Structures are given as C-alpha cells and as structure tokens.
Amino acid sequence: MHYRIACIRNDAHHQATIRIVRKASAIGIETLNIAGMLKNRKIAKALSDSALGGFLSKLKYKADRRGLPIHEADRFFASSQTCSNCGHKKADLTLSEWTYQCPACGYEIDRDLNAAYNLCPA
C-alpha cells in the first residue's frame, strides 16, 4: 500500500512539473522553512505527505533540460511585500490582504502576481 501511494505521488509530481515546464518561460521558487511549517499541526501531515523535496528536484532537472532559468529567492526575501513596480517594501502587509497596494507609487496588483513578478524579474 505504501509503495502504491509513493508511485501515485511520484506520478503526480511528474505530471505537474511537466505542465509547469512546458508553459513557463522562467521559474521562480521561494525557499520555505519546511521544518518550521511542520510544527503547525494543522498542515504538518499534508505537508509531509507532499514530498516537496522530490517535487523541487524533478522541477529543477526538467527545467535544466529545457534550458529554462530558475530564480531561487532566499527564505527571507519579502516577495509579496515588495512592490514589483517601484521596489518599495510595505512592511505592514497582512495575510488577509489579497491585493497589494503600493503606498509609494499607487500601483495596485494581486498579491500573488506581485510576488511572482518579484521572483522572476523580466
């Protein structure tokens, strides 16, 4: 049973990484504190079941084979708090805010899209 689940997970990783690599022109990755996230009992089981290390290694070698650049951000890089338009850092951004509004230049964008632009600069 464990072998079957491992094969299903491995297949899902391969399918997802192929989809990402085929559609992307560049890939941005945030380094996460997995050990710290595993201390949260609400997400620990799902996180450990996902095998993120295997997913990342598959993504890296498939991107390398296609010649796609991979931008790895440091764990402490504030990708969602930094304005992708002017570079201003908004320190008081809460998790409930889904739209990033820059107080310096007035730029308004979806929070996740702003982080993606910061991870993969054009």
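1. To start with a surface question: is leucine 38 buried, partly exposed or exposed? Leucine 38 has a relative accessible area of 37%, and because buried means under 20% and exposed means over 50%, leucine 38 counts as partly exposed. Do keep in mind that this is a predicted model.

2. Leucine 38 sits in the loop between α2 (34–37) and α3 (44–50). Together with Leu32, Ile34 and Leu52, Leu38 forms a nonpolar patch on the surface, and the four share about 290 Å² of accessible area.

3. Methionine 37 belongs to helix α2 and is partly exposed, at 27% relative accessibility. Leaving aside residues up to four places away in sequence, methionine 37 touches Leu32, Ile43 and Leu47. Its C-alpha atom is separated by 18 Å from that of alanine 73, a residue 36 positions away along the chain.

4. Now for the largest pocket, whose volume is about 420 Å³. It is lined by 16 residues, and Glu30, Leu32, Ser80, Leu95 and Arg111 are the closest to its centre. Helix α5 supplies the largest share of this lining, with 3 residues. Leu32 is worth a look here, as a member of the nonpolar patch and of the pocket lining.

5. Finally, asparagine 114 in helix α5 (residues 111–119). With 0% relative accessibility, asparagine 114 is buried. Beyond residues up to four places away in sequence, asparagine 114 is in contact with Ser79, Ser80, Thr82, Cys83, Ser84, Tyr100 and Ile109. Ser80, one of these contacts, also lines the largest pocket.

Methods. Residues numbered from 1 in each chain as written. Predicted model: local features only at pLDDT ≥ 70, side-chain atom pairs only at ≥ 80, totals over all residues. Heavy atoms only, no water. Helix = DSSP H or I, 4+ residues; strand = E, 2+ residues; numbered from the N terminus. Buried < 20%, exposed > 50% of the residue type's maximum accessible area, 1.4 Å probe, protein only. Contact = heavy atoms within 4.5 Å. Patch = residues over 30% accessible without salt bridge, like charges linked within 9 Å, V, L, I, M, F, W, Y side chains within 5 Å. Areas by Shrake-Rupley, 256 points an atom, 1.4 Å probe, with all protein chains shown as cover. Salt bridge = Lys/Arg side-chain N within 4 Å of Asp/Glu carboxyl O. 1 Å grid on protein atoms, 1.4 Å probe; cavity = no way out; pocket = protein on both sides within 12 Å on 5 of 7 lines; lining within 4 Å. Points joined across faces, edges and corners; volume = space filled by probe spheres on them.
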